[in-house]
Number of protein chains: 2
Amino acid sequence: VCLEAGLAPRYRQVDLLGKRVLDDDTDFRAVSPSGCVPALALDDGTRLNEMSAVTMYLADQAPSSGLAPRPGDPARYRLQQWLSFVGTEIHKTFVFPTYRLQGTPEPVKAHARALLEPALAVLDRRFREAPHLVGESFTVADAYLAWTLALIRRAGVDVAPWRALAAYADRIRGRPSVHDAFATERAIAGL
Amino acid sequence: VCLEAGLAPRYRQVDLLGKRVLDDDTDFRAVSPSGCVPALALDDGTRLNEMSAVTMYLADQAPSSGLAPRPGDPARYRLQQWLSFVGTEIHKTFVFPTYRLQGTPEPVKAHARALLEPALAVLDRRFREAPHLVGESFTVADAYLAWTLALIRRAGVDVAPWRALAAYADRIRGRPSVHDAFATERAIAGL
């Protein structure tokens, strides 16, 4: 989202189990009361958590980017709907249990994988109607989905049977910001 | 939310397993492409899903209710944050697996219950700072949390150890709209 919006934040790594900020060994909960990522810290002291809130805030810093319909535009409800769908049906249902740092019992992981399939079918139906989640153009909901699709792929789930979704995944992966975001992440993580 | 906003929608029951609208036996997916509730159908043909999007839309129909900060108000990001937290850390993490119609394997339910505790601790810390999720006044995020707290209670989880959260739960239960909403639900369901 930052790359699409032309923003250059300072990224800081966190020990999510120990809840420490790595570069100065401070308490992560001072920035993120829930202890969750993402956490956005603004110069004025504002702290913001949760993917849907953080990405919409960032989008609004670059209104001409089209990353979010402007406040008051009814299409913004549609964006909220898809941010919530990706957050609950994909991220929390599958990505979170699959990649949880503390580990997840195998029966829970298998159950998560079974729940993923109907959600992928919903996305596939959507991409038979429109090129992006909200409609014609790329929004922060697509950025969020791009990240979850990369993790779904890394977990060995092949979305090829959902052909419209698979075509969307290919298109999104070809987007320079998506490529650069994963390169940035690898560089920060020293991978 | 409708009771707080002075709205009188027509409520329609759904067979969530068979994906049918009960009163006229039509396909629920015509209204809700994801097959999920809540689904809001407006007279102009607009269809909206997902709790955070539907509740914010309803709140905006009654701006003087204070149920949501107005579009463009920075406090709206805070509301989105809490709607997302309740949706992902409480509803999807615990309420959904606990009450899923198709049933959830016991190890998955036990895991869900273990994940609930840190989320309740986050809420407890929040209610030591402020009387409601966003701040001083009741918003749609509190309406969403009120519903999840009722289901948490029904599942036999006692929030008494989280004293600020327990006090909040008592206050919210005493709110006429919350009482009337559960009475409305019982009447519709014939309980």
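Which residues does A:L133 touch, not counting residues up to four places away in sequence?

Guide: This is a predicted model, where local features need pLDDT of at least 70 and side-chain atom pairs count only at pLDDT 80 or more, while totals for chains, interfaces and linings use all residues. Residues are numbered from 1 along each chain, chains are lettered from A and ligands numbered from 1 as written, and side-chain values use heavy atoms, without hydrogens or water.

A:L133 touches A:W82, A:V86, A:L123, A:R126, A:F127, A:A141, A:D142 and A:L145. Contact here means heavy atoms within 4.5 Å. A:L133 lies in the loop between α4 (106-129) and α5 (140-154) of chain A; helices are DSSP runs of H or I, at least four residues, and strands are runs of E, at least two, numbered from the N terminus. A:L133 counts as buried because its relative accessibility is 0%. The cut-offs are under 20% for buried and over 50% for exposed, with partly exposed in between (1.4 Å probe, protein chains only). A:L145 sits 12 residues along the chain from A:L133, with 9.0 Å between their C-alpha atoms.

Now the interface. Chain B gives 38 residues to the contact, and chain A gives 38. Together they bury about 3,100 Å², the accessible area (1.4 Å probe) lost on being put together, summed over both. Carbon and sulfur atoms carry 59% of it. The rule finds two salt bridges across this interface, each a side-chain nitrogen of Lys or Arg within 4 Å of a carboxyl oxygen of Asp or Glu. B:E89 pairs with A:K92 in a salt bridge, the closest N and O atoms being 2.9 Å apart.

How values were computed:
Buried area = accessible area lost by both parts, 1.4 Å probe.
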